[in-house]
Amino acid sequence: MIDKIYIEKLKSNFSEAVRVILANKIRTLLTSLGIIFGVAAVITMLAIGNGAEKEILAQLELVGVNNIVITPIPDDDENGTEEEQEAGALEAKRFSKGLDMLDVASITQTIPSVKTVSPEIILETYVIKKGRQKSVKLIGISADYFSTSNISIESGKNFSDAQSENALPVCIIGKKIEKKLFTGESAIGKQIKVKDVWLQVIGIIEEKFISDNAQENLGIRDMNLDIYVPIQTFLVRYKDRKIISDEPIERGGGMIFFGGGGQQGPKKRIARGNYHQIDKLVVQVENSSQLNATADVLSRMLKRRHNGMLDFEISIPIQLLKQQQKTKQIFNVVLSIIAGISLLIGGIGIMNIMLASVLERTKEIGIIRAIGATQEDVILQFLTESVLVSIGGGIIGIFLGVFASYILEITTGIETILTLSSILLSFFVATLIGLIFGIAPAKAAASKSPIEAIRHE
């Protein structure tokens, strides 16, 4: 019986609150603007945060947790000024052999904390299939490349030791390459012509989404468009920068030209270009706590092997990602503060308008108290109005936040992920704001004396 009476009271309060709100539509809308923008900001912030977290995890999966990346620094120096050329003629640079397979063997054998070493050589070339030519990247790799880079082979198999050691013409291709060259059929066992060499496809890697941000900040290629061959196959059948050609011999920053009669001609300082045998070296350590120490050892060892020249760069991707994550967390904190301020202003607005409503309805309060309404009934009435205003603003804010998240993703390319939990959290916060900031006006209304309230003009 008591529950039924209580439910009837709630229904009566709800209908009265709806009546009051509809009677003051514009004022109610203006009152709830703070709640609307605050809830929209919360939803947008959580959507951006979820998207950033997903991107960080995806990038972390691509670069590997315990990886150290070594990249060579080519000699891009042009001929330079006349003074530099004269200085170069008198004193050539130190000679460095560059980053090569001997370094790979030395790292593997010397540093105990190293788990695997994965070298890469990259060649911009083309593939021919059924008379069609497409630009591709040919990547020379070791068999450890896929495990080091967290890449799964969807179909087929990895390179065997025999295929790698004997430089056999086999390859593993990206999923997009298969779709382009072998539409509607499997590429496994088929032949493709990459530059001048026919290669047999023995595997297809699993397709992975690589964001533009990851490609730019971490130097990650779109591996779905790559063709992979054993590194020995690459060096034997395509290009090996360590092999001496019939071009003039380069020495450090200088080149020796031989004139007639066996006399040595003038020595001119020129750029060596990319003299490194390999283009990238990924070193995976056993434990993440060994990253910094191993990177330091690698730097000193390679500098010694390269005749004191620092012609390489060492980076730890996970540290770059942590820095990126920290920046995004700061951004989320700023958004949270903005959302909190908006909600606070919204709550103050609700309290202010409800206090004004109490003053306007003083006589009405006196009448309902005189006919038997208790203080609790008055408190419940005004709390219901406050919560309804807040909930209405919260619902509009939810729609605005969802819309803003989609617009933000479309216009800026920032990935946003909306979740049911973020929407429910926003709705809960909006309701709580209405409840908290409605308490003071409700108590003010309930504390009025019925007789004085009726006599109020």
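Accessible areas here come from the Shrake-Rupley method with a 1.4 Å probe, and for residues only the protein chains shown count as cover. By that method the chain exposes about 24300 Å², of which carbon and sulfur atoms supply 59%. This is a predicted model, in which local features need pLDDT of at least 70, side-chain atom pairs count only at pLDDT 80 or more, and totals for chains, interfaces and linings use all residues. Residues are numbered from 1 along each chain as its sequence is written, and side-chain values use heavy atoms, with hydrogens and water left out.

**Nonpolar cores**
- Of the 457 residues in the chain, 43% are buried, meaning under 20% relative accessible area, with exposed over 50% and partly exposed in between (1.4 Å probe, protein chains only).
- A nonpolar core is a set of buried Ala, Val, Leu, Ile, Met, Phe, Trp, Tyr and Cys residues joined through side-chain atoms within 4.5 Å.
- The largest such core has 43 residues, and Ile70, Ile107, Ile173, Ile192, Ile227 and Leu281 have the most contacts inside it.
- Another core lies apart from it, with 24 residues including Phe382 and Ile433.

**Nonpolar surface patch**
- Ile26, Leu30, Leu33, Phe37, Leu400, Phe403 and Ile407 make a nonpolar surface patch of about 670 Å².
- Leu33 counts as partly exposed because its relative accessibility is 32%.

Note on methods
Patches are made of residues with over 30% relative accessible area and no salt bridge: like charges are joined within 9 Å, nonpolar side chains (Val, Leu, Ile, Met, Phe, Trp, Tyr) within 5 Å. A salt bridge is a side-chain nitrogen of Lys or Arg within 4 Å of a carboxyl oxygen of Asp or Glu.
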